[in-house]
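Thanks for asking me to look this over. Here are my notes on the aromatic rings, as numbered points.

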Amino acid sequence: MRYFVENLDEGEGGFFEKLERQLAPAPASAKQLAAEMLWVMYLPLIRRAMHPGTRRRQIRMVWEWSGEPLPEAPLELEEALDEGLLHPGTAYNTHRWREFEFLVRTMEAWKGLAEHEREARLIRPWLLAEWLLGLDDSQNRQLRHILCYFLFPEHFEPVATNYHKRMIVRAFRDKYGEDPEQVDYLDRLEMDRQIGWVRERLVEDEDHKDLSLYDEPLRSIWQPPEEGENGGGEVERGWYAQRFGEARVWVLSAGQNARWWDDFRRMNLIAIGWDDLGDLRELPTRESIHEMHRDVYGRPNPIMDSLACYQFAYEMRPGDHVIIKKGKSALLGYGRITSEYDFDGERPEARHVRQVQWEKLGAWPLPKNQWITNKTLTDFSQPIYHNWLRFALGLIDGDEPGENGPRPHSSVEPPYPPEEALKDLFLDRAKFHEIMDTFERKMNIVLEGPPGVGKTFIAKRLAYRLIGYKVPERVRMIQFHQSYAYEDFIQGYRPHEDGGFELRSGVFYTFCREAAGNPDKRYVFIIDEVNRGNLTKIFGEIMMLIEPDKRESGYAVPLTYSPDEEPFHVPENVFLIGMMNTADRSLAMVDYALRRRFAFIRLEPAFGSEQFSDHLLAAGVEEDLVNRIVDRLSTLNKAIRDERKNLGPGFEIGHSFFCPREADEQLDDSWYEAVVRREIEPLLREYWFDRPEHVDNLTKQLLA
């Protein structure tokens, strides 16, 4: 309570980085307690939610902050982390600090009960559930559901979200002939009782009594496929799960005639009206909001308005997605919610706000047969909306036809969603979207970082995600070097096989002409070692033309070797990615012209990330070796960072040295030693060329 709950860290860094800072002054016993509580939090997770090896590594890491090794755990405790019971969705990890805080508060409250009160709650399931529900923030915490199920699996189901419970109850009441509307879906305890009623009915049905509610055919009852040709509803549901996972999608009006849209876009927020209600956090139930609505605005039954307020304040979550509409016939933007609800009394109007990270901005008219409701706020996560949602996002992504227009992409081009782009990237979703936002806005970016952080790998993923499809023919990659010239890049005279010289177009000139002929498609040009070339010499007169605000024919210029031909310009559908190795001692200071025209994005080694550990474990690397790689390379990189005089962060060792290749058959100690000896040690000898004994010691530490 003292070092974490009452000392929350809102600064930079991930969960464990902050937790380590917070617990640094705490006694060893508090750090060990944190590791044990983390073990409890990880118990429910199935392998798809988090690999068991990653769980064990993180628990061991937190324990060892105490200065003591993690004791050998009984076999039952080890095995308990192997399989798990449920997938609570991505929000459970995204909001890990909130779940952890809730667990700490819950245990403190539990210890504060008299012994007879604890005993009563451990034998009376509904008394315990009622007590948990009375704790602060319990209505929004998935651990509340999980704790009830862990302690009383006969009375509670392994369903960890309020949203799924509501869907299950509604569907099965309808299936068994009960009126779905005769239930208060906002009463969390009533939802648990209704879920129990569903299980009782399933037990009576011999075919279903042993099934999980997430197994087929039960799941299709409460998440039914849409009606459609060739089972298209199943496809829609699969598409939704692939694109959004457990997150919800909301469609929100930007005020009458979209009058708040400029504010939304400029301030990176969304908002609703009804300011006279005040801070909605002081109205904790839908009923209280409904009553206040009726009193303040004098409407006898403001059902939709009060629901919008309740959903905006209490049901929206960071990580959910939002589409902004204008009336019922146009869409204006698409983004992800990044904050909890707040009431900003300094705003002149629309004071109920949440922060948003915009992913797409524009104006997309809807064909008349796709017009939608005029409601202020609608939850489009429900299966009945998935078909429309897929159409709308296809329109926003440039994948759907307008009312009469053709599809801009061939059907043979595979869609490239964020999940595909993030696969094996070792970047968290927030960082990836931040890079994509910068790429969309600036149009020119440079990925810089030490050797082995996967700059080339990431560049291709960014390119395909920007395009929306994996189409290699619209991505071109070259490498600059000291002899690279304008004639190679733009245009120049080259020897002809029959003698003499002929004018030939360079690679960038050809690429831009191709892109100009397909203005509805995006093209990405990638330059490796971008700071190795003489940029003024290579770009020549077109250096100005790559600026985002000069991508039009009005800025076209005649070229050096063909001044009488049609002037040249860089089309607005061409995007550039440069790559720089920050450990190359031969590089001079980066050209100021490059700095001004490109946004620079630093990439760092991912040894401490969950994604990297999961990747190695999935590839077949033993858990002990994964832990050794993470620990020893992290220690080595700290030594490199601390060598500020000659090295520093730009010289760290990247994770891609240890990403297994198809040719690596035995991912064991011999594989690890080979990478260290053949790839890492030579690099270290280059770094400390004047201190060979120091390199010997570092290598011994890596191989010990």
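1. A word on terms first: rings of Phe, Tyr and Trp (its six-membered ring) pair if their centres lie within 6.5 Å, with planes under 30 degrees apart counted as stacked, over 60 as edge-to-face and the rest as tilted. By that rule the structure holds 35 aromatic pairs. Please keep in mind that this is a predicted model, where local features need pLDDT of at least 70, side-chain atom pairs count only at pLDDT 80 or more, and totals for chains, interfaces and linings use all residues. Residues are numbered from 1 along each chain as its sequence is written, and side-chain values use heavy atoms, leaving out hydrogens and water.

2. Take Phe426 and Phe612: their ring centres are 5.5 Å apart and their planes stand at 90°, so the pair is edge-to-face. Phe426 lies in the loop between α18 (418–422) and α19 (429–442), while Phe612 belongs to helix α25 (residues 610–619), 186 residues apart. Helices here are DSSP runs (H or I, at least four residues), and strands likewise (E, at least two), numbered from the N terminus.

3. Phe607 counts as buried at 2% relative accessibility, and Phe658 at 0%.

4. Do look at the cluster that ring pairs build from Phe480, Tyr484, Phe489, Phe508, Phe511, Tyr523, Phe525 and Phe539.

Key: Buried means under 20% relative accessible area, exposed over 50%, partly exposed in between (1.4 Å probe, protein chains only).
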